[in-house]
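Reader: Hey, can you walk me through this one? I'd like to start with the helices and then look at the rings.

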Amino acid sequence: MKQAEALNILKMGYNVFLTGQPGSGKTFLLNKYIDYLKKHKKKVAVTASTGIAATHMNGVTLHSWSGIKIKESFTRKDIEKIAADHYVVARVGRTKVLIIDEVSMLKPAQLNAVNDICQIIRKNIAPFGGIQLVCSGDFFQLPPIEKNGKNTNFVLGSYVWKLAGMKVCYLDEQHRHKDKNLCKVLDHIRNDRAEKSKSLLLEKIQDAKAFQDPPMKLYTHNADVDFINNSELAKIEGEEFVYQMASVGPAWAVATLKRNCLASETLVLKTGSKVMFLKNNFDAGYVNGTQGTIIEFNEQKMPVIETTFGKQIIIGYADWTIEENDIIVAKITQLPLRLAWAITVHKSQGMNLDAAEIDLSKCFVEGMGYVAISRLKSLEGLNLIGINDLAFCVNKKVVELDKDLRNISKTISSDFRKMPFWEKTKKQKEFLKREAGPASLFRNIKQWKRDV
């Protein structure tokens with residue numbers, strides 16, 4: 001499905017699961033829909049299953065928004081207690097659209113609990129109390145893991161997923177990877193045919209490139225990343241410039257941002273430091289993942305960075321926020337930079353990298369190799385210094401699931417194209433007018449049954 005089709009389906013008010021390969025534009029499309037909703041003054045809750053994913057979209061974790069916190073199983077008493085919390089009541093009561101990014105990390109019981117909470121608060125027995133549910137994710141990247149390390153059931157197995165009549169929108173466009181060889185490698189791994197590309201990747205170990213600037217290093221473990229960054233910084237002689245993070249808001253919210261944001265509370269930089277930008281600022285000429293080197297500090301002691309493209313940028317402070325229904329709950333302020341000689345594969349999620357040195361010799365979970373390599377725009381930017389067999393593996397259950405999702409999306413796309421333009425427009429207008437509170441209970445149930 002194309003982005004334009006998926007956006008129109010979202011505007012019609014259907015519950016949607018947005019999926020597709022890395023670089024297919026899922027986050028871009030979500031942001032377009034969020035802008036559309038805000039333009040029409042419709043309350044949207046932007047959440048994610050992890051704090052890292054939430055900060056990428058100026059959102060909050062679903063666990064915090066819904067009040068389920070870190071619980072993974074729920075009794076009826078638990079649900080009723082959460083639904084009586086006046087903070088949760090206020091959040092849920094005024095929300096028209098609930099967005100959940102990286103839904104693959106969510107467990108069935110958690111989604112079911114969120115549904116029950118919404119229904120109680122809104123006094124509406126339609127799924128999620130009549131709130132439009134928009135989920136986004138790719139099951140190849142972040143599978144749900146039990147505490148004992150075993151894979152759990154996917155969120156698609158929750159009873160409310162089926163009741164909600166989720167429309168699958170599988171984006172098949174590619175906005176990151178233009179290199180045919182890289183697309184071939186990723187496609188082979190994704191379809192459990194990695195043997196066809198294994199030799200190509202193994203050759204990369206023997207064919208280390210001499211980049212003009214050493215590329216970012218991706219490692220599987222934090223200990224390796226911290227050691228490399230601290231070691232490289234210590235090698236540089238010269239004055240240290242120290243930047244402290246500032247924060248406002250409730251302690252729990254600030255702690256969430258600090259814990260999950262890639263920015264450091266205390267950032268130490270020197271001329272010659274290898275850095276990476278952590279925010280998008282198209283006007284200034286950088287995006288999340290742009291790499292560069294500090295060439296000097298100006299009179300205001302702000303770093304001047306030369307990117308890998310040769311552009312010089314004077315960086316200023318940036319904000320990371322948690323927003324709920326257009327209200328800023330908490331904010332931290334820091335330079336949108338981090339030392340970037342090395343970073344973990346996990347924290348590289350959502351980034352676009354021009355070049356990287358990747359060590360996959362210690363991969364410990366299926367899909368880790370796929371995630372790391374998919375960060376790159378081209379194989380020309382890859383220095384592979386190690387790889388184990390697990391790096392080529394993906395969850396076989398996910399491979400079959402992915403095929404099903406593609407087929408479902410094709411059917412939905414075909415049906416949508418057959419729908420008259422006037423009918424699409426009518427549904428979109430009706431959704432904008434539709435309320436989701438107790439007063440419209442029976443009308444919403446009727447609409448929900450018709451949609452399903």
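**Helices and rings**

Author: Helix α1 passes α2 in a right-handed crossing. Keep in mind that this is a predicted model.

Reader: At what angle do the axes of α1 and α2 cross?

Author: At roughly 40°, and the axes come within 10 Å. That is why α1 and α2 are described as oblique to each other. Helix α1 covers residues 3-11. Helix α2 covers residues 26-39.

Reader: Which residues make the contact?

Author: On the α1 side, Q3, A6, L7, L10 and K11. On the α2 side, F28, L29, K32, Y33 and Y36.

Reader: OK, rings now. How many aromatic pairs are there?

Author: The structure holds six.

Reader: How far apart are Y33 and Y36 in helix α2?

Author: Three residues, so they are separated by about one helical turn.

Reader: Is Y33 buried or exposed?

Author: Y33 is buried, because its relative accessibility is 0% and the cut-off for buried is under 20%. Y36 is buried too, with a relative accessible area of 14%.

Reader: What about F241 and F297?

Author: Their ring centres are 3.8 Å apart and their planes are at 15°, so they are stacked. This pair links distant parts of the chain. F241 is in strand β8, residues 241-244. F297 is in strand β12, residues 291-297. They are 56 residues apart.

Reader: Buried or exposed, F241 and F297?

Author: Both are buried.

Reader: Which residues form an aromatic cluster?

Author: F17, F139, F154 and W161 form one.

Reader: Where is K397?

Author: In helix α14, residues 396-418. With 46% relative accessibility, K397 counts as partly exposed. The C-alpha atoms of K397 and F139 are separated by 9.8 Å. Along the chain, those two residues are 258 residues apart.

Reader: Last topic, charges and rings. What sits over the ring of F416?

Author: The charged end of K424, at 3.9 Å from the ring centre.

Reader: And which residue lies over the face of Y14?

Author: K167 does, at 5.0 Å from the ring centre.

Note on methods. Residues are numbered from 1 along each chain as its sequence is written. This is a predicted model: local features need pLDDT of at least 70, side-chain atom pairs count only at pLDDT 80 or more; totals for chains, interfaces and linings use all residues. Side-chain values use heavy atoms; hydrogens and water are left out. Rings of Phe, Tyr and Trp (its six-membered ring) pair if their centres lie within 6.5 Å; planes under 30 degrees apart count as stacked, over 60 as edge-to-face and the rest as tilted. Helices (H or I, at least four residues) and strands (E, at least two) are DSSP runs, numbered from the N terminus. Buried means under 20% relative accessible area, exposed over 50%, partly exposed in between (1.4 Å probe, protein chains only). A charge sits over a ring if NZ of Lys or CZ of Arg is within 6 Å of the ring centre and within 35 degrees of the ring normal. Axes are lines fitted to C-alpha atoms, for helices over the stretch in contact, and angles run from 0 to 180 degrees between N-to-C directions. Angles under 35 degrees count as roughly parallel, over 145 as roughly antiparallel, 65 to 115 as roughly perpendicular and the rest as oblique. A crossing is left-handed if the near helix is turned anticlockwise from the far one by less than a right angle, and right-handed if clockwise. Contact means heavy atoms within 4.5 Å.
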